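Me: I want to learn to read salt bridges, helix packing and surface patches from a model. Can you take me through them?

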Amino acid sequence: MKQRDRDTKPTGGHQSLRAQAARTHLTTLRGLPPILASFGVACEPILKSAKLTLADLEDPTLSAPFADIDRLFGLCVCATECAHFGLLMGQYVNIQTFGVAGRLARNAPSVGAALNDLAAYFVLHDNGGSINVSIHEASVTFSYGVHVTGLRNANQVYDLAVAAMVNVMRQLCGPAWRPDAVLLPRRRPEEIRGYTRRVST
């Protein structure tokens, strides 16, 4: 895992981490340029403010601290005035985004095994959060939790995760798959049409 700053090493585990210590791969952010462009916002200045470049988003081995990602989300929400910016970002995330964990999941013998593989090896992609999978008969609870403290834009991270999980499930189960329920760890958004449109269709 390449890192944006040499003095910070990735750490594993589910304990709380400071935003500068926890890291995530930048492949999750590949949708940033087209989304910002759709709002008429230049991408490069915002990336520079978050210590990133366009080239960084194309490097599948590169990671950055959650602190930088958190700052980036805040800048994007401010520039676009879009409260569900993370949800838009999540549309560009799929199972291939998660590198080794994604490849293992794609080659698993069943949906349950795929989700368990993704959860088990997700730390290779993101050590600031974890995936949890609970399988009971024909039902699956699939969740993502952030273990990083001090984030100002955690809502955007969770919105991205929700959209990404829907994409993963549709890759594994087919495009007609629909969730029975979607839960977010915060108050109901003021505008929910974007959520229902992207999760239920």
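The dialogue below takes these features in turn.

Reply: This is a predicted model: local features need pLDDT of at least 70, side-chain atom pairs count only at pLDDT 80 or more, and totals for chains, interfaces and linings use all residues. Residues are numbered from 1 along each chain as its sequence is written, and side-chain values use heavy atoms, without hydrogens and water.

Me: How many salt bridges does a search of the whole structure find?

Reply: A salt bridge is a side-chain nitrogen of Lys or Arg within 4 Å of a carboxyl oxygen of Asp or Glu. The search finds 1. D68 and R71 form a salt bridge at 3.0 Å, N to O. Both sit in helix α4, 3 residues apart, about one turn of the helix.

Me: Is D68 buried or exposed?

Reply: Buried means under 20% relative accessible area, exposed over 50%, partly exposed in between (1.4 Å probe, protein chains only). D68 is buried because its relative accessibility is 3%. R71 has 33%, so R71 is partly exposed.

Me: At what angle do α4 and α8 pack?

Reply: Helix α4 (residues 66–80) and helix α8 (residues 154–173) pack at about 90°, axes 9 Å apart. So α4 is roughly perpendicular to α8 (65 to 115 degrees). In α4, D70, F73 and V77 meet A154, Q156, V157 and L160 of α8 (contact: heavy atoms within 4.5 Å).

Me: Which residues make the nonpolar surface patch?

Reply: Patches take residues with over 30% relative accessible area and no salt bridge; nonpolar side chains (Val, Leu, Ile, Met, Phe, Trp, Tyr) are joined within 5 Å. Here V100, L104, Y121, V123 and L124 make a patch of about 400 Å². Y121 lies in helix α7 (residues 111–121). At 39% relative accessibility, Y121 is partly exposed.

Note on methods
Patches are made of residues with over 30% relative accessible area and no salt bridge: like charges are joined within 9 Å, nonpolar side chains (Val, Leu, Ile, Met, Phe, Trp, Tyr) within 5 Å. Accessible areas come from the Shrake-Rupley method with a 1.4 Å probe; for residues, only the protein chains shown count as cover. Helices (H or I, at least four residues) and strands (E, at least two) are DSSP runs, numbered from the N terminus. Axes are lines fitted to C-alpha atoms, for helices over the stretch in contact, and angles run from 0 to 180 degrees between N-to-C directions. Angles under 35 degrees count as roughly parallel, over 145 as roughly antiparallel, 65 to 115 as roughly perpendicular and the rest as oblique.
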